[in-house]
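Subject: Structure handover

Hello,

Here is the structure I promised to pass on. Please open it first, then read the notes below.

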Amino acid sequence: MFVPVLRTQATAEQQKKWLPLATSMSVIGCYAQTEIGHGSNVQGLETTATFDPSTDGFILNSPTLTSTKWWPGGLGKVATHAIVHARLILDKDYGVHAFIVQIRSMEDHKPLTTITVGDIGQKFGNGGNNTVDNGFVQFNNTRIPRDHLLMRMAIVTKEGKYVRQNVPKQILYGGMIAARQIILMEASVCLSRAVTIAVRYSAVRRQFSLDNGNREIQVLDYPTQQQKIFPLLASAYAFRFVGQWMESLYSEVMYQFENDNFSALAEIHACTSGIKALTTSVTADAIEKCRKACGGHGYLCASGLPELFAAYIPACTYEGDNTILFIQVGKFLVKMILNMKTSLRPQGTTQYLADLDLHTTKDCEVSDGFEELSVDLVSVARAHCQLIVLSKFIDKLHGAIPDLNVKKQLQLLCNTYGLSLVCEHVEEFLVTGYMTKRQANLARHQLRCLLSDVRPNAIALVDSFDHTDHYLGSVLGRYDGDVYTHLYREALKDPFNNSAVTEGYKEYIEPIIKHRLHSSKL
């Protein structure tokens, strides 16, 4: 976040100074926006930066406990500098702005005397994000030069005058757009890891037989298991393709930003926000579904799934709480529809809204009562983002895919992804009149057929992710399928098995076995 924010919010002169330092690691930066008492409500942040004309600089303070900056990765022990979001105080409060603040000495790495900084403590899971020094920081009359205010959006003169620049205020989201684009690709990777483990193990695991004389059936052959896993496999591919598209879109938009063209900012912000919320929510739930699909062995740390889940789920709340992001996207869509009669036709990912009559003649209403309709806004935003993901999957199929057999398998996964969404949300299609009961039944039937068609190449489809055994970190997802041998070996490695008789036997277990417990005198 440190470098992307510099690129979007710093002036050319500031970038010339700070980007070489940051990219060469001469300074180690972090991003300090969230406070212990404020997260999604950025406008409610309490940290202050008051201009002092006598020193031509700002004085940063944490006026309350709830204004303590909380969660920045790298802040706890490593970062030397932070981009701090604070309220700009001149003759009045000008709202939240970004400042570059030195946290630690460049000589001995000790915190500056006006700064209290540390790590926020143990987090969910045994490893994962506990390797990251998420930190807290409080400011007590911390002084910084005036030019440490990132001034692409607004300038503060030596006289303390606030001069607004000709760029939209939403540019503050530039850094988050960069982060969310990266998060999207991580969702694809983590989902593919979980699905690889579940598919491979389901091919190894056998349960029950059709008759007593036959070998037990592979769990992956059961339609119930296919219904659990194969839509997630299709989602992993879908997220990979929309991620590739998002990378290209982000590069194009950043080029526009550098040339002071912000016309696409609203759409790219809504797009990255919504797809971040969709992909992280689906991936977090999918990892848990894959764990359950692996039965009891999925609960073992050796399966790799518990730690993957613990390491991944923060993505649902960092860089924007998913529910808040969905609501923002829903508001964006409704406002676009309400303004269509007086503005240009929707473009890009919202182009389908251009036919307003088609979307309002069904059993739907368009309203601007955002608060009371927040639940509906979430549903609208989720559907919009699902449409984007599906459309980018389709676009991929329309592109150059040299191997016809590969294209056939991708088409199968694309159809599986689309129909699984229809079946998952079938009640919404029925209630709004976009689908009949007969069509809903046909969709369910067709999805079952698709899942059966995916089965023969399921192993090859997860192998194509090219995850090594070391990277998967899973006994159940081993490439060679030798699950049980290595599951047993992992159990033998447990320190608990270093002794034949457990510690505490004499004190606690033997008295029970030999009936030597003393009765309480109470």
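A few terms come first. Buried means under 20% relative accessible area, exposed means over 50%, and partly exposed is in between, with a 1.4 Å probe and protein chains only.

This is a predicted model, so local features need pLDDT of at least 70 and side-chain atom pairs count only at pLDDT 80 or more, while totals for chains, interfaces and linings use all residues. Residues are numbered from 1 along each chain as its sequence is written, and side-chain values use heavy atoms, with hydrogens and water left out.

**Overall**

The chain has 522 residues, and 47% of them count as buried. Its C-alpha trace spans about 90 × 75 × 55 Å along the principal axes. There are 16 helices and twelve strands. Both are DSSP runs, numbered from the N terminus: helices are H or I with at least four residues, strands are E with at least two. Contact here means heavy atoms within 4.5 Å. Take the contacts between residues at least 6 apart in sequence: 70% of them join residues at least 24 apart.

**Cores**

A nonpolar core is a set of buried Ala, Val, Leu, Ile, Met, Phe, Trp, Tyr and Cys residues joined through side-chain atoms within 4.5 Å. The largest one holds 122 residues. Within it, Phe58, Phe99, Ile103, Val195, Leu233 and Tyr237 touch the most other members. Helix α4 (residues 223-258) gives the largest share, 16 residues. Another core lies apart from it, with 13 residues, including Ala10, Trp18, Leu19 and Ala98.

Which residues does phenylalanine 99 contact, beyond its neighbours within four places in sequence? They are Ala49, Phe58, Ala82, Ile83, Val84, Ala86, Leu88, Ile144, His148 and Leu149.

**Helix packing**

Two packed helices are described by the angle between their axes and the distance between the axes. Axes are lines fitted to C-alpha atoms, for helices over the stretch in contact, and angles run from 0 to 180 degrees between N-to-C directions. Angles under 35 degrees count as roughly parallel, over 145 as roughly antiparallel, 65 to 115 as roughly perpendicular and the rest as oblique.

Start with α4 and helix α10 (residues 404-424). Their axes come within 8 Å and cross at roughly 105°. So α4 is roughly perpendicular to α10. On the α4 side, the contact uses Phe230, Pro231, Leu233, Ala234, Ser235, Tyr237, Ala238, Phe239 and Phe241. On the α10 side, it uses Leu410, Leu413, Thr416, Tyr417 and Ser420. By type, eleven of these residues are nonpolar, three are polar and none is charged. Here Ala, Val, Leu, Ile, Met, Phe, Trp, Tyr, Cys and Pro count as nonpolar, Asp, Glu, Lys and Arg as charged, and the others, Gly among them, as polar.

Next come α4 and helix α12 (residues 437-454). They pack at an angle of about 75°, with axes 10 Å apart. These two are therefore roughly perpendicular to each other. Gln226, Gln227, Phe230, Pro231 and Leu233 of α4 meet Leu451, Ser452 and Val454 of α12. That contact has five nonpolar residues, three polar and no charged.

**Cysteines**

How many disulfides does a search of the whole structure find? Zero, where a disulfide is a pair of cysteine sulfur atoms within 2.5 Å. For cysteine 294, the nearest cysteine sulfur belongs to cysteine 290 and is 6.9 Å away. Cysteine 294 is buried, at 3% relative accessible area. For cysteine 414, the nearest cysteine sulfur is that of cysteine 423, 15 Å away. Cysteine 414 is buried too, at 4% relative accessibility.

**Single residues**

Most residues other than glycine have a negative phi. Methionine 25 has a positive one, near 65°. It sits in the loop between α2 (12-23) and β1 (29-32). Methionine 25 is exposed, with a relative accessible area of 54%. Histidine 109 also has a positive phi, of about 70°. Its place is the loop between β6 (93-102) and β7 (115-119). Histidine 109 is partly exposed, at 33%.

Leucine 21 is in helix α2. It is partly exposed, at 30% relative accessible area. Leaving out residues up to four places away in sequence, leucine 21 touches Ser26 and Val27.

Histidine 486 is in helix α15 (residues 483-493). Is it buried or exposed? Buried, with a relative accessible area of 17%.

Best wishes
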